[in-house]
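Try each task before you read its solution.

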Amino acid sequence: MPGQNPDDIAIIGWSISPMERHTGKTEAQLLLEVVTGAVEDAGITRREVDFTCAGSCDYVAGQAFSFVQNIDAVGAWPPKRDSHVEMDGAWALYEAWIRLQLGDIDVACAMGSGRSSTADPALIYPMEMDPFYLAPLGADAMSFAALQARALLDSGKVTERQMAEIAARTRRDAKESPYAQVKGDFDADALLREDYVRSPLRKHDLPPITDGACAMVIARADKAKELCPNPVWITGFDHYAELHYPGMRDLRESRSTTLAAKAAGIGEGAVEVAEIQAAFTHEEPLLVEALGLGADTVVNPSGGPLAANPIMATGLIRIAEAARQIRDNGKHRTLGHSTSGPCLQQNLVCILEGN
Amino acid sequence: MAATVESTIKFPYKRSLGPVLGAFMTALTEQRIIGIRSGTRVICPPLEWDPNTGAELAHDFVDVGPAGTVESWTWVAQPTIQHPLDHPFAFALIRLDGADTAFMHAVDAGSIDAMATAMRVAPRWKAERKGHITDIDAFVPGETPQGGGGGGAAEPVTMMDYNASITYNTPVPKNVIRGDQANAQGRFLGLKCPICGRTYTSGKGFCPIDTIELTEEHEVDLPQTGVVSNYTIIMPVQYPGQTETELFSRVHVKLDGVDVVLGFQPLIDVPTSAVRIGMRVSAVWASEAERGDLDPRMEGNLIGWLPTGEPDVEDPDLVNRMP
């Protein structure tokens, strides 16, 4: 039973901002709302948060050290222990989870925030690539994804129809989610008649551009049980990275995902729901295979990143949605996944369990 | 949609290349593509380490290509300003002859219909090459390299330029707009937190201590007099945008009766040798006629701060106040 060991750590609250194409709010204001929402959800105040860690990206914000202003959102007076990762908020959660295992403090808050609408994501993304061989070519996320999609199509691992059906399914599932930007009933045949945006990818294969943020509160076992009648236990958490340059990897597989999943103990039980950061349709079957999930695992019932993709928060939201399945929907074991880098270079897996 | 302010950030990086990437870039100037041996494999573009073990690789370079086979490709119908070609092209992963890994570059095929997995491509060289990944203009269908001419670099290439530019449209929050409007009228607008009573400039929009949003109902007019709480004397370095040429000062002004400290304000008619903490100052706003001459970085129509001539404030804690 998770929660028996004092070092066990549980999610006790979270909050997700509205998912919008353009927000009028600053990143600090977006975070202010979700941190308030997350601590209220956990039944505490900011005073009781001992450690904060944020994930955001200066190139997205258009400002060096932009996270320095974002700390206003956590109410750092009296001063707080704080950290930042230039990564998705899922990695901020990972750092917070590690930090709580030191045992000297009980409660931490992790955040992820991104306002992608501020500039053209296709111009920002190359800045984060290898600066010698890739960035000077303007190598953007869509092009990388398309190269991986072609490799999967050529190998017969996916089909364009399967990709269109994934888009139709996630958009249909997203109808139930208050945090979805792209939703509705679509017919795969009609989607397949659309033109390519980046062959072999059509518009439905791509994520939307989204502004948004997420915050999550976690606590050590005793505190979690004291504060929360139904804590969601983090029973496994790990991440692996592989080579950066996509031409040096086999793009038809994701070894880092498999390694992270094994390290997180995915095989120790059935996974009822997986919320995975498949921002492009073809990534879903690739990740499902790499995670070793079977047909009985429901994938991205929230609509996933194809419904809303706030860069730097998308992964943390996956973990929040996986936690929601346990706390609010009666599931027992779920999984959140996040990814970073070109063609799924780095992958993180977080296993969650209820009481 | 909210009001936005546009700003363009340039990233003019100069990067040193080291012995492996430098050798690769130098070879490009000679219309050669090289890989590096890693065990039994040849890696192109060359890395400094074995991707499997992380061990440093001996500088055992091998000529590869110049032709190769497309392993995967995508069609870029609408290139961005950062892409190597300004008309539709393909990005491709190309396994150059003699290499065991795939090289990413553009293929100038003319039409998506000319692209296929496993097609053969060869580089089209730029006439002028400087040791940069774009010395290869693009790959083209076929076996025969195109373009080029002239000799290689006289000296080994050791540095490369990378210039990117991104334009941001940042939304301007309502509280900032209202603050700007007040400044245009010769007023400083503040926001007073109803919980802790601290006052902030209108640009903040929230109390970072109590973490609540501050809106119109929390607005207060701030005083126009204060005291210099800190200062710096600046020897201007001629970076882009710097208009000052002589020594100048910037001061922090703590406004009277509130917590607000305005940072990096200009003083008026005070030689740099006379700037000091404790000096009493008063805001000076531009007249209608003077507005055209204002430094655009200043707040509204504020010209700066003029000493009032009152006795200095003696308070050792003044310097501890931060904006």
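**Exercise 1.** Find how far apart the centres of domain 1 and domain 2 of chain A are.

*Solution.* Step one: take the centres over C-alpha atoms; 22 Å separate domain 1 of chain A from domain 2 of chain A. The model is predicted, with local features needing pLDDT of at least 70 and side-chain atom pairs pLDDT 80 or more, while totals for chains, interfaces and linings use all residues. Residues are numbered from 1 along each chain as its sequence is written, chains are lettered from A and ligands numbered from 1 in the order written, and side-chain values use heavy atoms, without hydrogens and water.

Step two: check the bounds, which come from an automatic or database domain assignment. Domain 1 of chain A is 9–120 + 209–232, and domain 2 is 121–207 + 234–353.

**Exercise 2.** Work out how much area these two domains of chain A bury between them.

*Solution.* Buried area is the accessible area (1.4 Å probe) that two parts lose on being put together, summed over both. Here that comes to about 3600 Å², 69% of it on carbon and sulfur atoms. On the domain 1 side, Trp14(A), Trp91(A) and Asp120(A) lose the most area, together 20% of what that side buries.

**Exercise 3.** Decide whether helix α11 of chain A is enclosed or open.

*Solution.* Helices are DSSP runs (H or I, at least four residues), numbered from the N terminus. Buried means under 20% relative accessible area (1.4 Å probe, protein chains only).

Methods:
Buried means under 20% relative accessible area, exposed over 50%, partly exposed in between (1.4 Å probe, protein chains only). Helices (H or I, at least four residues) and strands (E, at least two) are DSSP runs, numbered from the N terminus.
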